[in-house]
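Student: I have just opened this model and would like to learn how to read it. Could you walk me through it?

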Amino acid sequence: MAWDPRVLKPEPNGRDPGDVLDELRRQLKRGLGRRLLIGGAGLALLVGLFTSYAQVEPDEVGVILRLGRFVDTVEPGPHFRLPYGIDRIVKVPVQRQLKAEFGFRTESVGARNTSYAASGSDMKRESLMLTGDLNVAVVEWIVQYKIKDPYKYLFKVKNVEGMLRDISEASMRAVVGDHSVNEVLTTGRQTVATQSKLLLQDLADRYETGVDIQQVVLQDVNPPDPVKPSFNEVNQAIQEKERAINEAFAELNRAIPRAKGEAEEALRSAEGYAIERVNRAKGEAERFTRVYEEYRKAPEVTRRRMYLETVSQVLTSTGQKVVMDENLKGLTPMLRMDGPDSAAAGAAHTTEAHR
């Protein structure tokens, strides 16, 4: 209601200006109350609209709490809820892979390098473990997990992250305690990680944490710092021993097949020689038998033929010869044509032939 200055003027009926001012004040208060009421209603409407809308991201699931009580879950996307805090949507990242680090902490991850926090007493306590052969190893590992049940994750355990760290440490210590230090440090790392993952998942399901263990990775396993030099020397000696054993086996694998081959070759050669000698003896015996049979049929002819064959073989191997009459005077019986050995053999054969 607009204020009119004329109301302050004395009225014809003699009304007091003070009463007019009071009336004006009352009218102003009534107008201000109506405006405040309209403004409050508009503000309440805006707050109601604002608190009734919620957006759930693609990697999340919304858990609806009505006056603090679980009602339902909603999928990613825009959603409407009861306003003014009656319904509250808690967003749980079910598609995001989470991780927990033990024995070390990552401060920052860059494109070229990754920085880690300085090791403190808590990290040393986490990583220091007793193996099955009563040795000590420093084990650093990572647990990667996802949230598979938002209801259990939010309401079954008060502090899921703390619970997960406790059962992860317990499962890793249990598995490491069943293996020797050499297995934990070298050949059994994958086995330790696999068994620890299975045991951790069993504990997480037993305590209803609502998480799914994706992977357990042994980041680094070392002996304690005071014994590292001695451990490295032992490893070097073991490697040298293995190398010497491998070289010996390699030489063994070369020598044995070679010896077996040579023995097989000698055996086959002896067998061949034996077969050859037997066959040759059989052939010569068969030949002698046949010659003897022919000799029995015609002794003179056979004797003459054998003599001629022998002389033919002898003369063929003597080389060049000159045969002269032994009654000729003044000349030597054999001219030396091929050397002393050939000449002597030729003279002997010539004499035999002459006879």
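Student: Which residues have the most contacts inside the largest nonpolar core?

Tutor: Keep in mind that this is a predicted model. Its largest nonpolar core has 37 residues, and those with the most contacts inside it are Val-139, Trp-141, Val-143, Met-172, Val-211, Ile-213 and Leu-218. Strands S2, S6, S10 and S11 and helices H4, H5 and H6 each give two or more residues to this core. A second, separate core of five residues includes Ala-54, Val-56, Ile-64 and Val-74.

Student: What does Ile-213 touch, leaving aside residues up to four places away in sequence?

Tutor: Its partners are Val-143, Gln-144, Tyr-145, Leu-164, Lys-197, Leu-200 and Gln-201.

Student: How far apart are the end C-alpha atoms of H6?

Tutor: They are 26 Å apart, which agrees with the 26 Å that 18 residues should span at 1.5 Å a residue.

Student: And the sheet: in what order do the three strands come?

Tutor: The order is S3-S2-S5, in an open sheet with antiparallel pairing. S3 and S5 are the edge strands, each pairing on one side only. Five bridges join S2 to S3, and Ile-64 stands opposite Asp-72 in S3.

Key
Residues numbered from 1 in each chain as written. Predicted model: local features only at pLDDT ≥ 70, side-chain atom pairs only at ≥ 80, totals over all residues. Heavy atoms only, no water. Core = buried A, V, L, I, M, F, W, Y, C linked by side-chain atoms within 4.5 Å. Buried < 20%, exposed > 50% of the residue type's maximum accessible area, 1.4 Å probe, protein only. Helix = DSSP H or I, 4+ residues; strand = E, 2+ residues; numbered from the N terminus. Contact = heavy atoms within 4.5 Å. Pairing = 2+ DSSP bridges. Expected span 1.5 Å × (residues − 1).
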